Amino acid sequence: MPISLTPGSLARLLGEWNVGAAPAYRELADVVRLLILDGRIALDVALPSERSLAATLGISRTTVTAAYALLREQGFLSSGQGSRSRSCIPSQGPAHAGGRDGALRLSGAPGLAVPDGILDLAYASLPASGEVVHRAFAAALTELPALLPGFGYDALGVGPLREAIAARYTAAGIPTAAGQILVTSGAQHALNIVLRTLAGRSGTKVLVEHPSYPNALDAIRAAGCRPVPVAMPAAGPAGAAHNGADGTGGWDIEAMESALLQQRPAMAYVVPDFHNPTGRLMPDPQRRRLVKAAAASGTVLVVDETLRELNLEGTGSTPMAAFSPAVVSLGSLSKSHWAGLRTGWIRASEPLIQRFAAARTTLDLGGPVVEQLAAAHLVNAMTEPLPARLAALRENRSTLLELLREHLPDWEPERPDGGLSVWCRLPAPISTALAVVAPDVGIRLAAGPRFGVGGAFEQYLRLPFTLPPEQLETAVLALRSAQDRLERSPQLRRNLPAPPAAAIA
């Protein structure tokens with residue numbers, strides 16, 4: 001039997017919800033929806049009946065009925081027996097894990113359908129480099145007959161693709177054999193294999209940057225591991241992260257060294273190449289120090305390089321594996337070519353690759369062969385689509401930053417060195433509230449707390465610049481409308497908790 005929320009308890013949570021900024025039923029629905037997203041109304045909790053809540057709030061039952069109906073339509077309430085309704089998350093139902101971290105997954109969670117007419121700012125991903133991808137698949141089909149006599153299972157990946165990936169690392173100054181490559185179904189699959197192998201015990205510590213890539217944080221939690229967050233410094237003047245030649249940059253390396261030596265995590269997950277979400281590039285001196293500290297603490301350093309090719313400034317950097325053979329590197333074609341390829345890889349020492357392959361067989365028996373043959377052609381011609389893509393991304397980045405300066409001058413965006421998104425500091429801790437009202441103005445957002453641990457980053461928002469300029473303008477104007485609505489409806493902001501003191505360094 002679900003837990004029940006009394007009318008009086010809900011009224012206290014609602015606070016001064018009816019300020020006249022919108023129809024009463026919509027204001028009521030907005031605040032209840034935010035309370036569910038915020039975790040202050042847990043999942044699978046029975047809300048008061050329409051009649052009892054109306055009597056407690058001193059409003060008509062029609063208002064409560066309309067508010068509950070809107071919440072059901074949006075997927076935040078599921079009907080129970082009689083007039084009772086239970087809190088839930090859209091498309092996931094009441095059995096989904098509750099609490100603040102679980103609820104916040106809605107604010108930009110992958111896999112949720114986006115209605116027609118909504119601009120999706122929750123994904124930082126590009127459409128396919130169409131002609132290049134099509135040509136690669138056409139070539140792959142001509143090569144497929146030679147492999148048809150085999151079983152089609154290969155936990156390591158097909159030879160041509162492993163050789164092509166190894167050759168890319170060798171050309172970058174890191175001698176690599178095909179035996180040091182394991183092909184996976186994307187970088188997320190690769191991370192899950194690594195976690196299962198290196199940090200499979202419940203409670204194992206995994207050091208992460210803070211903020212970090214949301215799906216990586218989800219994978220770490222799902223593996224039963226405990227994230228050890230190390231805050232990244234705030235951006236410098238004019239949004240710069242100060243990636244200087246002297247080794248100072250967008251990471252607090254002293255804090256990371258201290259955490260590694262004191263906490264001694266089994267694994268550290270970092271994104272040094274156009275970090276998601278900040279877009280920062282770690283300078284080589286910081287890379288050396290991080291590799292050295294990981295070795296001293298006995299920590300396996302796992303480096304996500306999925307955004308490395310999206311270098312908007314042409315700034316040189318050394319792949320982390322060049323500093324130590326113990327580094328585990330994750331790569332993917334999802335950001336440079338197309339996420340629909342679902343092709344990624346792990347580069348590590350051959351003994352570790354054998355361990356990863358053994359762990360992989362408990363998840364699947366190998367990837368699709370045709371896709372891997374096509375991916376081999378794309379890796380061999382990796383730079384072919386990049387000049388045009390990078391030029392378009394530079395234009396989009398400039399457009400987004402200029403639109404933010406014009407329409408949201410109190411926002412503080414950090415200018416990224418590369419990657420696909422801008423990390424913005426907001427004028428108030430309203431990130432989740434913006435994500436709640438965003439669909440009403442035609443956009444979908446990934447709220448700041450998706451990128452942190454324990455509800456941090458309510459005063460931050462990630463904005464991708466993957467849409468064309470005209471759609472970016474529409475999106476920024478929608479953000480302005482969403483912020484205006486919050487300013488007219490202070491009850492939405494009052495129901496948000498203050499961000500944790502250690503949210504940002």
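W423 and Y460 are both buried, where buried stands for under 20% relative accessible area, exposed for over 50% and partly exposed for what lies in between, with a 1.4 Å probe and protein chains only. The model is a predicted one, in which local features need pLDDT of at least 70 and side-chain atom pairs count only at pLDDT 80 or more, while totals for chains, interfaces and linings use all residues. Residues are numbered from 1 along each chain as its sequence is written, and side-chain values use heavy atoms, with hydrogens and water left out.

**Aromatic rings**

- The structure contains four aromatic pairs, a pair being rings of Phe, Tyr and Trp (its six-membered ring) whose centres lie within 6.5 Å, with planes under 30 degrees apart counted as stacked, over 60 as edge-to-face and the rest as tilted.
- One of these pairs joins W423 and F457 edge-to-face, at 5.8 Å centre to centre and with 70° between the planes.
- Because W423 belongs to strand β14 (residues 421-425) and F457 to the loop between β15 (443-444) and β16 (460-464), this pair ties together parts that are 34 residues apart in sequence; helices (H or I, at least four residues) and strands (E, at least two) are DSSP runs, numbered from the N terminus.
- W423 counts as buried at 3% relative accessibility, and F457 counts as buried at 1%.
- The rings of W423 and Y460 are stacked, since their centres are 5.2 Å apart and their planes at 15°.
- Ring pairs link W423, F451, F457 and Y460 into a cluster.

**Charge over a ring**

- The charged end of R347 sits over the ring of Y169, 5.7 Å from its centre, the criterion being NZ of Lys or CZ of Arg within 6 Å of the ring centre and within 35 degrees of the ring normal.

**Nonpolar cores**

- In the largest nonpolar core, which has 71 residues, L14, I41, W411, L434, L445 and L463 touch the most other members; such a core is a set of buried Ala, Val, Leu, Ile, Met, Phe, Trp, Tyr and Cys residues joined through side-chain atoms within 4.5 Å.
- Helix α2 (residues 24-37) gives the most to this core, contributing eight residues.
- A second, separate core has 46 residues, among them I165, M282, L301 and L341.

**Helix α8**

- Nine of the 12 residues of α8 are buried, so this helix is largely enclosed by the rest of the structure.
- The buried residues in α8 include A187, H189, A190 and L191.
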